[in-house]
Amino acid sequence: MKIIRTLIMRLTVLAVVFSISPTFAQGQLVCNVPPSSGSYLEVPQYHSNSGWKTLSESSTGYTAVQLTVLENAGSGNVLNVLRNWNPTPIVSGGADSTVTLTIPPGTGSLQYYIAHTTGSIYKANIHLCTGSPGPSPTPPPTANPTPATTSPPTPTPAPTPPPSSAPTPGVAPTGGSNWICTTTPDSGSSLDVPQWHGNSGWKALTNDATSYCGVQVDVLGSGTTGNVLNLINNWSSGPIASENMDVDGTVAIPSGTTGSLQYYVDHVTGSPYSASVMLCTDCPGGGPPPPVAPPTPPPQPPTGGGPCNQNDYSAYVVPQPCLPGEMGYATGGSYDGWRTKSGITGVSNSGEDCKDLHDRFFVVADNNKAYHTWHPPVYEGCIFQHEHGDDAKESNVFDYAEGYPSFGYVTSLYTDREEDHFGEKITIANDIRMAIGKPQDKLVVYDPNITCQWYSKLHQGSYSADAFSNNLHEYQLTFVCDDTQFSSNTSFSVKAMIQWGAPNEFVLFENTADPHYTDVVNQGESLLLRPWDNQPDPIPSNYADSPYPNLNDGGQREFDSWTGFQQKSWTSPSLIAQPELWSGPSGDDKLIRIPGGGSIRFAPYYIVKNMARVARPKTSDPTEFVVKTTVDWCYNENTNERIGGGFCSLLPPTHPGPDYYKTVDSPFKGTVRGLNFKTLELLNENGPPEFCTDVFGKEPTNIPCDPNTQVRQRANQMSNYWASQTYTNNPPCVPDVLGVCHYMDVSGTLERWTFGLNGNGDWTASRVGATPEPQFGAAAYRGAGIGFEWIMNHGNAEGVRVPN
């Protein structure tokens with residue numbers, strides 16, 4: 001069952017993300033060739049220039065450029081086409097709506113930029129055209145084309161000149177003994193403007209101007225002159241202070257300034273500009289005047305629909321137009337904690353700091369705080385170095401799930417547990433066919449003719465030592481089916497801290513005995529280092545526990561020992577089923593409780609096939625174990641030669657070095673994962689469709705919920721009895737497609753995947769479906785087995801590395 005999305009904006013965004021490239025015809029004009037820099041263009045709301053982008057390395061064969069506007073609430077935007085990186089456009093035209101510009105004859109390369117009117121985000125698709133154009137909608141070029149050159153000449157004028165009407169109150173002297181500038185701006189101290197960007201974009205300094213007297217800029221690199229720093233008050237377009245910043249300098253904040261402060265640099269194109277920006281608390285002539293009232297709270301954006309207005313927030317579209325603070329949202333959890341652990345550097349295609357761009361991928365939870373959410377591994381030229389699984393909007397139940405998931409909202413309500421950003425993984429499984437029986441055991445199962453939609457988010461870190469002792473992890477699941485046997489269809493959407501086994505214990509699979517460690521902290525030794533600073537990464541002794549310690553029936557964390565899979569080969573990936581398996585509790589005490597005595601039960605298996613670290617019993621004492629990176633286990637520690645066995649065959653013959661495990665070249669980074677759906681039961685005939693629980697899914701109450709202590713849950717008012725089928729005729733059975741009752745639980749699907757590596761070394765995965773077993777009847781199939789019911793393949797995602 002698919003849920004139809006009706007919002008035109010969402011359909012538009014879907015078209016953008018799927019890179020739909022329409023072919024437009026205008027007379028004999030055909031516009032379907034994407035530029036070298038890509039067909040999709042997005043200009044942030046506070047960037048007055050898109051930056052210069054490449055159309056083609058050669059003009060030959062192209063007669064026009066067509067721009068299709070996807071989103072724009074402003075006016076005065078202009079498309080400029082350049083040749084050979086000459087700053088004088090060869091043709092220009094208004095770009096508030098779709099426009100086609102005829103390219104004048106000439107030779108050499110082609111570029112373009114949008115002179116953007118700040119105040120709203122701008123999105124468009126752009127294509128080169130071939131064929132015979134009709135009359136050009138724009139005036140003829142104002143300058144002769146520059147002859148072809150072998151390298152881009154350095155342009156002298158800027159495509160976006162600095163404002164001429166900006167007030168300049170005077171610059172405070174630099175180098176004075178009273179200048180104290182040590183406060184990092186809200187948007188960070190680092191500023192980088194790419195070579196062909198005429199504007200840095202507006203960046204937040206502080207929400208309380210009364211605490212500061214000036215801004216200091218240390219220029220780290222600039223090859224042009226005429227760069228201007230502009231201070232902005234309360235996101236108003238007119239600067240309150242401006243000064244040339246070709247070299248180090250300081251700018252005094254005008255006395256009496258209140259509210260928030262922002263800045264931008266008008267940049268003269270031709271070479272990159274980089275600087276460090278700091279706020280000053282003490283300036284020549286005295287520090288800031290003492291406040292006569294409490295600090296001004298973060299101002300609400302203009303009600304007229306400005307780009308940082310909360311009215312522009314959407315849980316269904318990412319990234320958001322501004323950072324959380326710029327939109328008036330506080331952040332929840334450790335929102336900035338990932339920054340010190342990440343190696344992300346550089347700026348986006350639009351000149352935005354890549355870490356800031358990453359932090360615009362957020363949603364607002366029920367407590368009105370911002371939390372990170374899904375983003376692609378690469379976006380607008382920024383390589384984020386980690387992945388979060390499937391794009392949630394690909395789900396057929398994206399609307400029912402209320403858009404993108406919040407990473408860490410439930411965890412933040414449970415203060416004893418903090419989970420890092422990199423382990424958040426989304427799994428989307430559309431149109432899965434349910435099965436009567438246990439497909440995870442490779443048994444014969446039967447088709448009940450029920451199709452479902454699965455959308456889950458689990459925190460499953462597979463690079464650190466955390467999971468060896470910590471069993472509590474945030475989980476979100478939305479599940480909707482088309483079954484109607486019991487008055488209505490199965491449908492629920494829940495969030496909770498879920499116990500994956502018991503704390504401080506796990507099972508280690510061996511070829512022979514399977515040790516069950518029940519005091520991990522004292523039995524285990526971690527030789528792992530934290531990837532970001534090479535400091536020891538011990539097994540956490542401060543693991544969190546649940547107030548419901550007896551709900552782990554059937555659930556545990558199982559890790560394949562090194563000796564358990566060393567000989568398994570990637571050329572026979574069917575043997576690599578469950579190197580790391582997390583199973584949810586499946587006992588009689590159901591996971592999510594509903595007012596009125598109802599419940600929701602689920603017990604999926606989540607599997608990682610190429611985890612970055614592995615445990616192994618100590619040779620000297622098998623009652624203890626040691627954890628190392630998967631890469632390190634693959635080499636003889638004395639000779640550095642790769643050891644035998646198929647599992648290590650993906651690695652170089654000799655050890656490539658201690659940091660290899662955290663490079664993009666390592667095949668072991670937790671990017672290939674599996675899922676078995678297993679038990680799914682909803683019992684809610686007498687309960688409400690919306691209700692509240694504690695963070696563990698217990699202590700249910702009716703709405704409204706306290707968003708600071710309770711979690712809002714939803715479930716259809718029906719019971720499907722899928723985990724109660726072993727009781728003959730009580731409740732009514734779920735029959736197969738032929739009407740036969742098998743008195744087995746609905747406990748998985750008819751799905752099956754294969755995976756492996758192709759000749760180029762890329763991961764592959766294919767959805768092939770369960771194998772029919774006609775000798776057992778027309779409704780019979782063979783279950784896929786553990787680890788192959790569903791495969792999530794993100795192994796080829798660009799730039800991904802540990803930590804992931």
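Let me start with one term: a charge sits over a ring if NZ of Lys or CZ of Arg is within 6 Å of the ring centre and within 35 degrees of the ring normal. By that rule, the charged end of R714 sits over the ring of Y400, 4.5 Å from its centre. K628 lies over the face of W633 as well, here at 4.3 Å from the ring centre.

Before going on, a word on what we are looking at. This is a predicted model, where local features need pLDDT of at least 70 and side-chain atom pairs count only at pLDDT 80 or more, while totals for chains, interfaces and linings use all residues. Residues are numbered from 1 along each chain as its sequence is written, and side-chain values use heavy atoms, with hydrogens and water left out.

Now the overall picture. The protein chain has six helices and 49 strands. Helices (H or I, at least four residues) and strands (E, at least two) are DSSP runs, numbered from the N terminus. Of its 804 residues, 57% count as buried, and buried means under 20% relative accessible area, with exposed over 50% and partly exposed in between (1.4 Å probe, protein chains only). The chain exposes about 30,400 Å², and carbon and sulfur atoms supply 51% of that; the areas come from the Shrake-Rupley method with a 1.4 Å probe, and for residues only the protein chains shown count as cover.

How much of the contact list comes from residues 24 or more positions apart? Taking contacts with a separation of 6 or more, such residues account for 73%, where contact means heavy atoms within 4.5 Å.

In soluble globular proteins, nonpolar side chains tend to be buried together. A nonpolar core here is a set of buried Ala, Val, Leu, Ile, Met, Phe, Trp, Tyr and Cys residues joined through side-chain atoms within 4.5 Å. The largest one holds 123 residues, and W454, F479, F602, L680 and W722 touch the most other members. Strand 24 (residues 424-436) gives this core its largest share, six residues.

Please find W722 on your screens. Leaving aside residues up to four places away in sequence, W722 touches a list that includes M434, I450, F479, L680 and V734. Among its other partners are the cysteines C452 and C481, along with D483, E681 and D745.

Those two cysteines bring us to the disulfides. A disulfide is a pair of cysteine sulfur atoms within 2.5 Å, and by this rule the count comes to nine. C452 and C481 form one of them, with their sulfur atoms 2.0 Å apart. The link of C452 and C481 is right-handed, with 110° about the S-S bond. C452 lies in strand 26 (residues 451-459) and C481 in strand 27 (residues 472-481), so the pair ties together parts 29 residues apart in sequence. Both C452 and C481 are buried.

Since C354 lies in helix 2 (residues 354-359) and C382 in strand 23 (residues 382-383), the pair ties together parts that are 28 residues apart in sequence. C354 and C382 are both buried too.

C181 counts as buried because its relative accessibility is 12%, and C280 because its value is 0%.

Last, the aromatic pairs. Rings of Phe, Tyr and Trp (its six-membered ring) pair if their centres lie within 6.5 Å; planes under 30 degrees apart count as stacked, over 60 as edge-to-face and the rest as tilted. A search of the whole structure finds 36 such pairs. Y371 and Y409 have ring centres 5.8 Å apart and planes at 65°, so that pair is edge-to-face. Y371 is in strand 21 (residues 369-372) and Y409 in helix 3 (residues 409-413), so parts 38 residues apart in sequence are tied together.

To finish, back to our tryptophan: ring pairs link W722 into a cluster with W454, F479, F492, F677, W753 and W790. Thanks, everyone!
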